[in-house]
Amino acid sequence: MKAVNPSQALDTFRAAADAVAAVLASNTDWGASGRRDGQYAVDLDADQACLDVLYRSGYRVLSEESGVTAPDGAADDAPIVVVDPLDGSTNASHGIPWFATALCLVDEDGPAVAMVANHASGAVYTATRGGGAFLDGEPCRPNATTDLSAALVGVSGLPTHHYGWAQFRAMGASAPDICNVAGGVTDAFVDMNDQHGVWDYLASVLIAEEAGCVAAEVFDRDLCVLDHTARRGPVVATTPELLEAILAARRA
């Protein structure tokens, strides 16, 4: 697979996120796309905006909305970008200020470059493998919480029981939810349904890990899977001790 310049990749990701922001700024249709359950018409417009930018850079793309595609003439081993053009579409459609574009470049060694751009707040998280994680250009500083009873935990889906946490939050968009852990807003994130596509979490997991957090999959499966049909249950925490406690509660 062709080597990728991380700085150039992040420039492309910024352009893609800006293109989605332009779509959202002009959007007046928050109705369903009519193509599949849970998909909005604006999801397709956001996806096309991303594809146009990523294709110009020669990337293959694995997108929630359009599957695995590539620009004309792209090599089979061209770098691939996993993208959720609009994570939190329902939030956006209801005016809930928590939705983002998430992009992660994957090379032969795994996730390499990531960006999560929160369109509601303007916050932009970035990371490169081995190069650290940043929020608006400043290093991410996660918490150091080890005790579940002291933790504020982000969740996706309904818990089946109380995990013993101090409090929990369900915000409705996994990519920025996980970035909250990287940025020290929350202490952990846990998926309750094992129904996340790789586009929902891969960018933000790289950001969290580069910030010094730890991540796992509920059933110990690989989180980096380039299969549009695969579903996973990501769990992210600020410390190994907290991750172990949350996994134990989640698996109970």
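Tutor: Start with a term: two residues are in contact when they have heavy atoms within 4.5 Å of each other. The model is predicted, so local features need pLDDT of at least 70 and side-chain atom pairs pLDDT 80 or more, while totals for chains, interfaces and linings use all residues. Residues are numbered from 1 along each chain as its sequence is written, and side-chain values use heavy atoms, without hydrogens and water.

Now look at V198. Setting aside neighbours within four places in sequence, V198 is in contact with L62, V82, L223 and V225.

Next, the core. A nonpolar core is a set of buried Ala, Val, Leu, Ile, Met, Phe, Trp, Tyr and Cys residues joined through side-chain atoms within 4.5 Å. Buried means under 20% relative accessible area, exposed over 50%, and partly exposed in between (1.4 Å probe, protein chains only). The largest core has 34 residues. V198 is one of the four that touch the most other members, along with V116, Y201 and I207. Several elements each supply at least two residues, among them strand 3 (80-87), strand 5 (110-118) and helix 4 (174-182). Helix 5 (198-211) is another. The largest share, 10 residues, comes from helix 5. Helices (H or I, at least four residues) and strands (E, at least two) are DSSP runs, numbered from the N terminus.

There is also a second, separate core of 27 residues, including L10, Y40, V81 and A92. In soluble globular proteins, nonpolar side chains tend to be buried together.
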